[in-house]
Amino acid sequence: MFEVTAEDAFDFRSTEYAELFASSAATAFQHPIWLAQLYERLVRQGAATPLIIVVRAHASGKLAMVLPLVRRRYTLLKVVEFADMRVSDYVSPVADEEIFSRILSDGRTVAAIRKHLRPYDLLRIGKLADRSLAMERLLGIDKRDSMGMSAYTSKLEPTFAGWREHRLDQSYRKELDKKSRQLNRMGEARFECVDGAAAVRTTFDALKVYRGKRFDGSNGPADLLQLPSYFDFYLAVANEGCGGFARTYAFWMNGRPIAGALGLQHRDSLLVILGGFDEAGYRKQSIGSLMFEQIARDCIERGEHYLDFTIGDEPYKRIFGGRPSPMWQIYRAGSPLGYAAHLTVEKLPAAKALARRMLEAAHVKKAKPSVMVPPASDEAAESS
């Protein structure tokens, strides 16, 4: 019923992919803009090579499914991963549920997909949401394993007042009201959804400074925004998606950005994926919390139903009404070396940290990493 090819120069901005994505069960992180920029700015400039599996209907040639993957080498270890490059918080095959089921039932198609993945020592895919398509069945993996962390989504109400009442504790609402009054006494405070390349760049320059101070690597992963390739990637997504897929928010004080965030709009949700604020100047005013509150207001006014804080167990997500949903990972060893590497990463925290640091260094140098084992999947979103 289907034909399977590996099209490593696949055009994610094509009309056929846009139509497939629109009807699929995929997430915002498989959006045409996101994947086009990711392959151009992170995969091709980083220590990875594209592995894009394309499935088409045999009779008509119509696009049926796309699997956006990458190949990576960690010294001797050959690894196949989803193309998340540490920036995508949810992964999914790009297909609708009915077509995906038909592909699963077609033994020849499944065999052809698995053949295109080889050779590898380790096939490793993390950040599968609880209700995502069963990629493990497609890849011949018995079960999902827990990532040990959750994603968080806050349900929005028809009105901002109703959302505050249902999702925020009464004492915290009063606290935020007090902080807002304090902020407005300090100068001309203004929140907005930023429009225009110049204002977006100003916001991102401020985010880079604020996040660099907060996530300096001394107490966890260093901030990816400090790496030129990642900064350019996020900025490109914000600019290309401005007015639709991507929203850049900023809190201004006397014309200077003191807080900012990047969100991705998908169906009836906004996914907040990047944020930062002037901690030294406005921590006492809880500027980060005031910003999230105003983002929720903006989403409600646009008629959206969910504010998705994505992956990670940071406490603020529960404060703003976020409800946890478990995240999953799958792996399949293709050799004894791959099996040993997987066990090493899972059992030894020091191996995770070493792999992450060496991978970050590889992006700076635009060279292949020299680590022996791949970083664990759950490192990808720790500094979001």
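**Pockets and aromatic pairs**

By class, the residues lining the second largest pocket comprise eleven nonpolar, seven polar and seven charged. The model examined here is predicted. The second largest pocket holds about 610 Å³ of space. Its lining counts 25 residues. R214, F277, G288, F292 and Y316 lie nearest the centre of this pocket. Two or more lining residues come from each of α8 (197-214), β10, α11 (287-301), β11 and α12 (315-319). Strand β10 gives the most, with six residues.

The largest pocket has a volume of about 860 Å³. It is lined by 26 residues. Nearest its centre lie Y90, A129, R131, T153 and D308. At least two lining residues are supplied by each of β6 (145-155), β10 (269-277), β11 (306-311) and β12 (323-333). Here β6 gives the most, with five residues. The lining of the largest pocket divides into eleven nonpolar, seven polar and eight charged residues. Both domain 1 (2-146 + 327-365) and domain 2 (157-304) give residues to this lining, so the largest pocket lies between them.

Aromatic contacts were examined next. The whole structure contains 20 aromatic pairs. In one of them, the ring centres of F160 and W163 are 6.1 Å apart. Their planes meet at 20°, so the pair is stacked, the limit for this class being under 30 degrees. Both residues lie in helix α6 (residues 160-167). They are three residues apart, about one turn of the helix. F160 counts as buried at 14% relative accessibility. W163 is also buried, at 0%.

A second pair joins F204 and F231, with ring centres 6.3 Å apart. The planes stand at 90°, so this pair is edge-to-face. F204 belongs to helix α8 and F231 to helix α9 (residues 228-240), so the pair ties together parts that are 27 residues apart in sequence. F204 is buried, with 0% relative accessibility. F231 is buried as well, with a relative accessible area of 5%. The face of F231 also has a charged neighbour: K208 lies over it, at 5.3 Å from the ring centre.

Methods:
Residues are numbered from 1 along each chain as its sequence is written. This is a predicted model: local features need pLDDT of at least 70, side-chain atom pairs count only at pLDDT 80 or more; totals for chains, interfaces and linings use all residues. Side-chain values use heavy atoms; hydrogens and water are left out. On a 1 Å grid over the protein atoms alone, a cavity is a set of points where a 1.4 Å probe fits but cannot get out, and a pocket is an open set with protein on both sides within 12 Å along at least five of seven lines; lining residues have an atom within 4 Å of a point. Grid points are joined across faces, edges and corners, and a volume is the space filled by probe spheres set on the points. Helices (H or I, at least four residues) and strands (E, at least two) are DSSP runs, numbered from the N terminus. Ala, Val, Leu, Ile, Met, Phe, Trp, Tyr, Cys and Pro count as nonpolar, Asp, Glu, Lys and Arg as charged, and the others, Gly among them, as polar. Domain bounds come from an automatic or database domain assignment. Rings of Phe, Tyr and Trp (its six-membered ring) pair if their centres lie within 6.5 Å; planes under 30 degrees apart count as stacked, over 60 as edge-to-face and the rest as tilted. Buried means under 20% relative accessible area, exposed over 50%, partly exposed in between (1.4 Å probe, protein chains only). A charge sits over a ring if NZ of Lys or CZ of Arg is within 6 Å of the ring centre and within 35 degrees of the ring normal.
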